[in-house]
Every structure is written in C-alpha cells, then in structure tokens.
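These are my notebook entries on one model. I set down below what I looked up, entry by entry.

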Amino acid sequence: MTTPETFGHEPIEVGGDWPNRAVVCARCRWNYPRMGSRPAHRRYAPWPCTSAIVLGLAPHTTTPAPAAG
C-alpha cells in the first residue's frame, strides 16, 4: 500500500518464477509503446531505486571505492 511518505517508491516482485522474478520499485518504471512489429513493454528500476535511498526508505549499500595508492 502506498503511503504519502513513500511517494509510491516501494519494493514489489515481478516476473513470476525464477529466473524471471525480480524485486523492483513500484513507481520507477518506463512504459514503451508498441512500435511497428515490436510489442509494448514495461521496464522497471531495480530495488532500491535512487529515490528510495534519498527518501531513507532503503539503505545505501555499495562497497567503498578502493583506496588510491
């Protein structure tokens, strides 16, 4: 359920069974219309999206860059 504090940025599962299943952001998606013989489709941003990290909904989990030297 979307709450005002999340602005729709919530993790959802899409794709059914593995290997097609993924956890993505419910809000961050792009809809591509049908063009010629190519069917319409939807692309999702993986969870956590950048907005979820900025809003504090998910931790920023990246490995630190290696030290220079």
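In which segment is His-9 found? I worked from a predicted model, and I located His-9 in the segment before S1.

Entry on His-9. I looked up the burial of this residue next. His-9 has a relative accessibility of 9%; buried means under 20%, so His-9 counts as buried. I then listed its contacts, leaving aside residues up to four places away in sequence. His-9 touches Cys-25, Arg-27 and Cys-28, and also Trp-47, Cys-49, Ser-51, Leu-55 and Leu-57.

Entry on the strands. I turned to the pairing of S1, which spans residues 11-14. S1 pairs with S2, residues 22-32, in the antiparallel sense, and I noted four bridges between them. Pro-11 has Cys-25 in S2 as its bridge partner; Cys-25 is also among the residues that His-9 touches. S2 pairs with S3, residues 41-46, as well, again in the antiparallel sense, here over five bridges. For Asn-31, I found Arg-42 in S3 as the bridge partner.

Entry on Leu-57. I returned to this contact of His-9 and placed Leu-57 in the segment after helix H1, which covers residues 50-54.

Entry on the surface. Which residues form a nonpolar patch with Leu-57? I found Phe-7 and Leu-55 there, and the three residues together have about 260 Å² of accessible area. Leu-55, like Leu-57, is on the contact list of His-9.

Definitions and conventions:
Residues are numbered from 1 along each chain as its sequence is written. This is a predicted model: local features need pLDDT of at least 70, side-chain atom pairs count only at pLDDT 80 or more; totals for chains, interfaces and linings use all residues. Side-chain values use heavy atoms; hydrogens and water are left out. Patches are made of residues with over 30% relative accessible area and no salt bridge: like charges are joined within 9 Å, nonpolar side chains (Val, Leu, Ile, Met, Phe, Trp, Tyr) within 5 Å. Accessible areas come from the Shrake-Rupley method with a 1.4 Å probe; for residues, only the protein chains shown count as cover. A salt bridge is a side-chain nitrogen of Lys or Arg within 4 Å of a carboxyl oxygen of Asp or Glu. Helices (H or I, at least four residues) and strands (E, at least two) are DSSP runs, numbered from the N terminus. Two strands pair if DSSP finds at least two bridges between them. Buried means under 20% relative accessible area, exposed over 50%, partly exposed in between (1.4 Å probe, protein chains only). Contact means heavy atoms within 4.5 Å.
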